[in-house]
Amino acid sequence: MKKTAQGAFGPPFNMTESALKLAHTRKPHNKVLILIAVYKSLQALLFVAVGVGALRLLHQDIGDVLDNLREALHFSPESRLVNFILDKASLIDDPMLRRIGLVAFSYAAVSFAEGIGLYLEKAWGELLTLLITASFLPWEIFEVFHRLTWLRVGLLVINTLVLFYLLKLVASRKKLADDPDASAADPERS
């Protein structure tokens with residue numbers, strides 16, 4: 001027995017056939033945008049963890065926490081790196097931890113917004129990601145020249161690829177919007 005429903009402004013229609021037509025008319029997700037959305041979401045989770053960590057350290061002696069961590073990881077107390085970190089820990093106080101938490105949570109919110117916008121293939125998500133990625137590239141380039149590490153080079157390469165892909169995507173959509181003949185010839189892209 002087929003289920004039918006009365007349309008709001010028309011005759012009854014078959015719900016099963018309508019759902020199938022809708023499923024067939026939807027275009028598939030852009031796999032590259034999904035990959036970038038996952039990257040942005042993981043980045044957001046990292047910043048949430050940084051924010052939570054900063055807030056958990058409120059009202060604690062950072063030097064003691066780091067010294068306990070050093071002991072748990074069996075690092076030598078004579079290490080230059082350990083002594084450098086312990087010396088710098090004295091500069092971190094509760095107001096600074098609050099600022100670190102606020103900045104981390106803010107950046108996490110923006111990264112989640114980027115990821116959601118990209119996953120849903122919204123123009124605002126693409127533009128937001130494009131603007132934020134472009135704004136951080138000069139700083140990333142400076143950091144690579146300041147101290148060359150594989151992590152910094154990898155992040156620079158990934159963000160540069162994201163930037164160029166989104167530039168190409170936005171430019172192609174603008175071209176389609178400006179050229180009505182191209183969108184009429186290719187109804188799937190409009």
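Thr-129 is found in helix 6 of what is a predicted model. With a relative accessible area of 0%, Thr-129 is buried, and, once its neighbours within four places in sequence are set aside, Thr-129 is in contact with Lys-40, Glu-114, Leu-118, Val-162 and Leu-166.

Two packed helices are described by the angle between their axes and the distance between the axes. Helix 6, which covers residues 123-146, and helix 7, which covers residues 150-178, pack at an angle of about 145°, and their axes are 9 Å apart. The crossing of helix 6 and helix 7 is left-handed, and the residues of the contact between helix 6 and helix 7 divide into 15 nonpolar, four polar and five charged.

The largest nonpolar core has twelve residues, among them Leu-33, Leu-118, Leu-130, Leu-137, Val-162 and Leu-166. Helix 2, helix 6 and helix 7 each supply at least two residues of this core, and helix 7 gives the most to this core, with five residues. Leu-137, one of the residues of this core, is in contact with Leu-156, Asn-159, Thr-160 and Leu-163 when its neighbours within four places in sequence are left aside. A second, separate core has five residues, including Ala-54, Ile-62, Ala-89 and Leu-97.

A pair of aromatic rings is described by the distance of the centres and the angle of the planes. With ring centres within 6.5 Å counted as a pair, the count comes to two aromatic pairs. In one of them, the rings of Phe-47 and Tyr-107 have their centres 4.7 Å apart and their planes at 70°, and because planes over 60 degrees apart count as edge-to-face, the pair of Phe-47 and Tyr-107 is edge-to-face. Phe-47 lies in helix 2 (residues 31-56) and Tyr-107 lies in helix 5 (residues 94-119), so this pair ties together parts that are 60 residues apart in sequence. Phe-47 counts as partly exposed, at 26% relative accessibility, whereas Tyr-107 is buried, with a relative accessible area of 19%.

The rings of Tyr-107 and Phe-136 have their centres 5.7 Å apart and their planes at 85°, so that pair is also edge-to-face. The pair links distant parts of the chain, with Tyr-107 in helix 5 and Phe-136 in helix 6, 29 residues apart. Phe-136 is partly exposed, with a relative accessible area of 35%. Phe-47, Tyr-107 and Phe-136 form one aromatic cluster.

Finally, the backbone of two loop residues deserves a look. His-74 is found in the loop between helix 3 (62-72) and helix 4 (80-89), and the phi of His-74 is near 60°, a positive value in a residue other than glycine. Glu-121 is found in the loop between helix 5 and helix 6, and the phi of Glu-121 is near 55°, again a positive value in a residue other than glycine.

Technical notes:
Residues are numbered from 1 along each chain as its sequence is written. This is a predicted model: local features need pLDDT of at least 70, side-chain atom pairs count only at pLDDT 80 or more; totals for chains, interfaces and linings use all residues. Side-chain values use heavy atoms; hydrogens and water are left out. Axes are lines fitted to C-alpha atoms, for helices over the stretch in contact, and angles run from 0 to 180 degrees between N-to-C directions. Helices (H or I, at least four residues) and strands (E, at least two) are DSSP runs, numbered from the N terminus. A crossing is left-handed if the near helix is turned anticlockwise from the far one by less than a right angle, and right-handed if clockwise. Ala, Val, Leu, Ile, Met, Phe, Trp, Tyr, Cys and Pro count as nonpolar, Asp, Glu, Lys and Arg as charged, and the others, Gly among them, as polar. Rings of Phe, Tyr and Trp (its six-membered ring) pair if their centres lie within 6.5 Å; planes under 30 degrees apart count as stacked, over 60 as edge-to-face and the rest as tilted. Buried means under 20% relative accessible area, exposed over 50%, partly exposed in between (1.4 Å probe, protein chains only). Contact means heavy atoms within 4.5 Å. A nonpolar core is a set of buried Ala, Val, Leu, Ile, Met, Phe, Trp, Tyr and Cys residues joined through side-chain atoms within 4.5 Å.
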